[in-house]
Every structure is written in C-alpha cells, then in structure tokens.
Amino acid sequence: MATAETTLVTPKRSIWQSSAAQKLLAFAALIVIFLVFSFLSPYFATPENIVGILLATAVNGVLALGVTFIIITAGIDLSVGTVMTLSAVMTGLAITIYGLPIPVGIVVGILTGTTAGLINGLVISRMRIPPFIATLGMMMIARGLALVLSTIETGTVKPIYFNDTPEFRQLTMLSFLDPIIKPIAPTFSVPNAVFIMFGAALVAAFILGKTVLGRYTVAIGSNEEATRLSGVNVANWKTAVYALGGVFSGLAGVMIASRLNSAQPALGVGYELDAIAAVVIGGTSLSGGEGTILGTIIGAFIISTLTNGLRIMNVPQEWQFVVTGVIVILAVYLDILRRRRS
Amino acid sequence: MGDVVLKMEGIDKSFPGVRALANAQFELRAGEVHALVGENGAGKSTLMKILAGIYSKDTGTILYQGQEVEIPSPRAAQHLGISMIHQELNLMPHLTLAQNVFVGREPRQALPFMLDENKINEQTRQLFESMHLRLDPRTKAADLTVAKQQMVEIAKALSFNSQVLIMDEPTAALTESEIEELFRIIRQFRDRGVGIVYISHRLEELKQISDRITVMRDGHYVDTVDAATVTIDRIISMMVGRTIFESAPEVPEHPDDEIVLEARNLNRGTAIKDVSFTLKRGEILGFAGLMGAGRTEVARAIFGADPLDSGEIYINGKKADIASPRDAVRYGIGYLSEDRKRYGLALGLDVEANIALASFRQFTGMLGVVNDGKTAKTAHRYVDALSIKTPGIEQRVRNLSGGNQQKVVIGKWLTADTDILIFDEPTRGIDVGAKSEIYKLLNELAHQGKSIIMISSELPEILRMSHRIVVMCEGRITGELAAGEATQEGIMRFATQRSVMLAMGEDVPSNGQTAEQG
C-alpha cells in the first residue's frame, strides 16, 4: 500500500462537461448574435452603436454581479431592481434637496443598497424566510419607499433631477479616456459607466475567487449543511452575501441616476429579471455552487446586444421580450443537456 | 489502549415527543476503536451528535481529557479535537479537495480576507501523503467515488489534530476492497493514539476493527464488552433485549405450481442478457448476485421503468405489454425500490397519503375529489395489519424509522391490489429487530398467495427467505437453486461465474458473508 508512487489520481473531465463549456458557449452565442446583426443591418456594427450596447449593459451588468453571488449560494434576489431605484432616489435627495456634496450622495446611495441587502440577509438567515419571499417583500418595500421619498420635495411622486449639479451626470457619461482619444477620433467616446461596470466586475471576480467570502459563497451553495458542520457560521456569511448584492444594487442606483440625470422613482421593476437572466445565461446554476463573474458579464452583453439589434431591425419592443425569454430558456436547457452527459 | 480520553455520563436528551437518550453513558480511551451499536433509534447517533456539538444535551456531563466541557457548536468540538464523519457525505462537491479540507479555517495571506490557495494545496498534499492517499488536492470533490470522498472526510477530520474521531456508518456505501482501505487508515490513526468511535450496523465488521463494543437500546446504555471475546449472537441479543437466532433458517413452505409471471429472453443493452425465469403463486423467489449483476435492472424492466430491447413477459399465462410503471400496476405488479427515500415514498406526506398514493383512483369520487374517510380507513387497516409503529396516520413518513418506512411502502402496494411484489433490498439500512418483522411479513404475504421477487445482497437473508434462488452475474442468469440445496458457497459460485471464468474454470471466494462487491 505504502509505495512511494507519486502518480496522482486526477479524474478526467471532458471540456464539454466543465463549467468553462457554458462560458465558451455563451461567448460563442454572443459572437454569433453579433455577426448575424452585423450582416442584417449596416447600422449595427458601427462604433457609436457598439458604445451604445456597452452603455446599455452597464447598469444591468452591475446588478447581475450581485445576483451572481446570491444565486451561487442557491438563493435568489428579486429586490435588486427596486433597491437600485431606492438607492437612486436617496442619492437624489442627498444631492439635490439636502445639498450634500456629490461623493457623499454616492456613498448614501451605495449604503442604501447595502442596508437593503443586509436586511434581506438577516430576514433570510435569522427569520428563516425563504429568499424568494424575503426578497419579494423587499422588492415591494423598496418600491414603496422610493415612491414615498420622491414626494418629499413637492408632495407628489415625481423624478428628482440633478440639473444644478451637471458634474453628477458627467461621472458616468463622460469618458476619462477622452483627453487621449478625442484628438484621434473626435466623435468616439466610451462613457465611464462602461469602465465602472468592468471595474466592478474585476472586484467581484476577485471577491469570488480569492477571498473568504467568495469561498463560502460557493461552499454554502454546494452543500450548506456540510459547510455549517465544518464550523462556518453560515447565517453570517449568507447575510454578508446578500449585503454584497445590495452594494452592487446601490452602485447600480447611483449609475442609473447619473446616466438619466435624474432619480426616477417609478423605474426598477423588471430590472431584477434582466439581472437574473444575465446570470443564468452566463452559466450560473440555480441549484447553487457553480457560477462565474465572466459568465454573468457575457450574459448581460447577450441580453443588451439582442435588445439593441432587434431595435435596429425595427422589431417592436414587445417582441424583444419574447426573444429574450426564449434565449433564457434555451440557455438553461443547454446547461441541463450538458449536465445530463456528465 | 491508552488513558481514558472521554467520558460521557448521565446524558439525557429529549426531542418533541421522543426521549432519545435516558441516562446514557460512554467511555473512550486513546488509541482504541470503540464500536457503538444498537438498533435504529437506540440513540447512538444522537449521543455522538451531542459530542460533536450538533445537538445540546438536556442534562449530564462530558469529561474530556479529565476536564468537564460544554460543546455548544461543531466549531467548539473541532477546537477540542473532536471530529465527526457523518452518515451522509459532507463534502462540497463544487470545491476542490484542498478547499474542502480547509473550509472554515482557511489560511490567509497578508490581507486577512484573502485566501492562500497554494498553502492549502501544499498542506493537503502532505496530509494525503501521510495517509498514503494518492489524490490530487486540486481535484473537485464531485469527481471522486464515494469511497474516496470518505477518505477525504477522514483526512479533513484528522487535519484538526483530532483526539477523538467519530464515524457514523462509514462503510454503508463502500465495497469490500474499499472497506479494507478504510480499516487500514483507521488502524493507522488508532496506532497514533486517536480514540475512534465507530457506529455500524454491520456486526461482522465490528469484530474485525474494534477493541471494545458499547451496546445501546432505546436511549439507554446496556453494556460495554471486549470485542475479542464477545459473540455476534450475544451482541444482537443485547441490542434487541431478547435472544433471536438469526442464523436459524425457517423452512419455507412449498408454493403452488401455478405460474403467475414468466419472463422470456429479456434483453436490455449490456445490463440484461437473455434473462428467463418463472414466478409461481405464493412463492418467494430470491434474486442473488453481486452488486451490479443486473438484478435491479431486471426488476425495473419488468416494472416498465426501463424499456426492453427484446423479450416477452407473461402474466398469468397471457402476454403482457408493459411500457410504463402505470401498465405494470395495472397488471398487479408492485416494485419496492432499494432506495425507498428517493423512489418509494413521499417523505413530506403523511402515512395515510403514502399508503393511498399508488391507488388514488380507488379513493376518488366524482369530479376527482378524494374520499378522505375511505383513505383514512384503509390507512388504519394497514397500520394495524403491518404493525407500523407511528403515532397516527397523519404522521409524516419522514419521521418514521427505516423499518416502518419500508412497511408503509408495502402498505402502499397492498392497497394498490398487487399480486406480484418485487422487493429490491427490502432490509437495507434496517436494524435487526425490524428486519425479522419484515421477514415475517414477507412470509405472510406469500402465504396469502402473493408472489414475491426478493432481490438481496445478503446471502443469509436470501437463504432464509427464498423458496427458489436465481443467481445473476453480469446481466445473465448463471444459476437457479432450490431452497434445500442452496448454500452461501453455491450462490457465490454462480454469482462470480463471469463469462471469462466459464472458460477458465471456476473461481470461488472462500467464505462470503455478504455479496456486496464492486
């Protein structure tokens, strides 16, 4: 038995079965969609339109980052859309009504999201309410609060505009690369929002892959009871995961407020579904334990590319929903087929 | 054997409605393997879960290394050096082996929230090496066999520098060669002075691996005996509180000659090859063979759960067309799967609903409304007839013991008015007392004219119960024996009669108590 043999047992997994396959598949799908639209419409593959797609992905992409962590724990978050809106309204109140400096307004927005996420986490882990119900409740609460808060200034529900602080809009809509690019291509500009999304994605990938929080996110989703028996305080870490989801919702709230130059209190419902769709298309398993940030970003791009392409083809918006729905089901079906083989 | 490392005394524990432990006690020395046995529900697992910090005791004291300790959480147990390996595997399939071993106490890099992956890989590699386990720490746990996963769990437990290692039914899912490997590792750690608690239903194993044996019954401590001198019969009698002669086979009655089921030349891929047999009214037909011999596959094919490539099935002399379990039920065939929890029972439903589950049509009036009174009456009848131990018919099946769950499944198929019952490993995971009740029940059913196919990997069980024994190997039927002429050796000879060996001559294992291999 105790021979000095050093060969290690490393079971073989075919590439098809690995989680890289889903990412590869999603990426290939993105390329195919892109090529098809380029072929169908001369207006699609223009620099301006591509920047438009990137910008359209930014907010959903950031929301989806938080949702990725939550779905990897085998949970769900239906509240990210309205929490985003609540965060936007809070930022709006801070900057326009209370006249606080812009950085403080941004912190207020992000903290609002974090608090909502934290409450989600506590309700789920302490009160043991299933994530679906807990976050459904938070979805409604955040929506209501966003509407209520928007009435502070005038007594009626209305958007809060940032007209006195043009710097706030410039935060996401200008490009820090302009000084370099402008001399070469005067009309071309990639707004900061796009870079914020990629930056947030890098941070998320780091958290998921390299930190304790990321490790426990996967461990909880993979086998929650075993994780608990390993001495991990599952309740606390789960709470942290939902709070992290809230951080990204808060950031998305600041971004959308800046981009629209206003906090729109009625916005937000439906965003959570786009975010979940992006995560699922990106290969994160709803049964937990498996998922990547890169996959989620690709998933978010697939959705916005489709939407953009269909719009350019003059497909009515109603049909865009239908197509996105079909893509979500196809993506998950492919994932199931892949698992069945293994 | 070294000093006493652990002493539990006067432990009481109640769950709502159940007194799980009453004045229980246990003692463990360093460097011993101490087996803890008892029927299901005797309180073994509960006692050990208290030790591992999963349950809290109501009263009693735990002395660990001479000091009284409280163990409020699994983490506290780990800090003390007490680790438990649970019956269900507790690895995270999506994490690597190294990540699994270190989950909950990952070494950090300079920044306290950052993981040090290289360090855990290196430490895990050394850990595996010290156990002579040839595994790559970077492999995902999901890619390992159950046996290897178990080794990793042991490695994990021991990486805490455990002084006490509790193993709950570690061999339940292992093959014989894997059990050997496990025993090797257990002995290795025993020799290093670790105290090992070994919970098992497989009494034959205990004499092999343990130094002392403590028996529990109904939450009470019965006795602690020296494993070297005690007999298995004595352990069993302590467990059940009465002497039962497990080895004495009952003489089966001769069945009717009327053939109720005939299978002709069944084929399905490589799993079933040209299988033909007959089943008579009132007969118990034993299906013996090693694991993977194709017995379950034959049962599933007859039940319509898997399609056949070719072959015919005759029920009461008429050709039967069975394409789905629904058809099989219509022909009066019931199948009791080896994995009751997955296929046989709706665990979240109560006894009444489970008993009615396969035959709701009987209980459904106009407009599809279920007649509750009628289902309750039927459920009561079977609870009485099968003496199912349950507080009531509205008890959820999840809360019943394994033996009683099995009886609920039997009740379900009897309600469905089946004449042919296929039992697949009917006593797996059931304790000794409940086993003999199941045997009694099978005999009664056969006596009433039901025909029974019993698949079992336990040779004593097959020999004791069957009127006739069919032996399978690699998808073929390799032999048929009458009750009188069958012996364990005879069955094993057919069970290992691989097609290659037919040409080479026979290769007979000397003395197989159970036929669970590969």
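The model is predicted: local features need pLDDT of at least 70, side-chain atom pairs count only at pLDDT 80 or more, and totals for chains, interfaces and linings use all residues. Residues are numbered from 1 along each chain as its sequence is written, while chains are lettered from A and ligands numbered from 1 in the order in which they are written.

## Chain B overall

Chain B holds 19 helices and 20 strands. Helices (H or I, at least four residues) and strands (E, at least two) are DSSP runs, numbered from the N terminus. Of its 518 residues, 46% count as buried. A residue is buried if 20 or more other C-beta atoms lie within 10 Å of its own, exposed if 12 or fewer, and partly exposed in between, with C-beta atoms placed from the backbone. Contacts are counted when two C-beta atoms, placed from the backbone, lie within 7 Å. Among chain B contacts between residues at least 6 apart in sequence, 68% join residues at least 24 apart.

Strand E3(B) covers residues 33-37, and five of its five residues are buried. Val33(B), Ala35(B) and Val37(B) point one way, while His34(B) and Leu36(B) point the other way. In a regular strand the side chains alternate between the two faces of the sheet.

E3(B) has parallel partners in E8(B) (residues 195-199) and in E9(B) (residues 212-217). Strands pair if DSSP finds at least two bridges between them. His34(B) faces Val197(B) in E8(B) and has Arg212(B) as its bridge partner in E9(B).

| Strand | Partner strand | Bridges | One residue pair |
|---|---|---|---|
| E3(B) | E8(B) | four | His34(B) and Val197(B) |
| E3(B) | E9(B) | four | His34(B) and Arg212(B) |
| E16(B) | E17(B) | four | Tyr335(B) and Ile422(B) |

Helix H1(B), residues 44-51, is mostly covered: eight of its eight residues are buried. Among them are Lys44(B), Lys49(B) and Leu51(B). Just after H1(B), Gly53(B) takes a positive phi of about 80°.

## An open sheet in chain B

Six strands form an open sheet in the order E16-E17-E18-E13-E19-E20 (chain B), with mixed pairing. E16(B) (333-336) and E20(B) (476-482) stand at the edges with a single partner strand each, so one side of each is left without a neighbour in the sheet. Neighbouring strands are turned by 20° against each other on average, direction ignored. For such angles, axes are lines fitted to C-alpha atoms, for helices over the stretch in contact, and angles run from 0 to 180 degrees between N-to-C directions.

Gln65(B) has phi near 50°. Gln65(B) lies in the loop between E4(B) (59-64) and E5(B) (67-68). Is Gln65(B) exposed, partly exposed or buried? With 15 other C-beta atoms within 10 Å, Gln65(B) is partly exposed.

Asn161(B) has a positive phi of about 55° although it is not a glycine. Asn161(B) sits in the loop between H5(B) (146-158) and E7(B) (164-168). Asn161(B) counts as exposed, with 9 C-beta neighbours inside 10 Å.

## Helix H8 of chain A

H8(A) runs over residues 192-210; at 1.5 Å a residue, its 19 residues should span 27 Å, and its end C-alpha atoms are 26 Å apart, which agrees. The expected span is 1.5 Å times one less than the number of residues. Its buried residues include Asn192(A), Ala193(A), Ile196(A) and Leu208(A). Their cover includes H2(A) (47-72), H11(A) (234-260) and H13(A) (293-312).

## Cores and chain contact

The largest nonpolar core has 160 residues. Such a core is a set of buried Ala, Val, Leu, Ile, Met, Phe, Trp, Tyr and Cys residues joined through C-beta atoms within 7 Å. H11(A) gives its largest share, 14 residues. Those with the most contacts inside this core are Val62(A), Leu63(A), Met255(A), Leu51(B) and Ile166(B). Leaving aside neighbours within four places in sequence, Met255(A) is in contact with residues including Val62(A), Ala193(A) and Ile196(A).

The contact between the chains takes 23 residues from chain B and 25 residues from chain A. On the chain B side, H2(B) (residues 74-80) gives the largest share, three residues.
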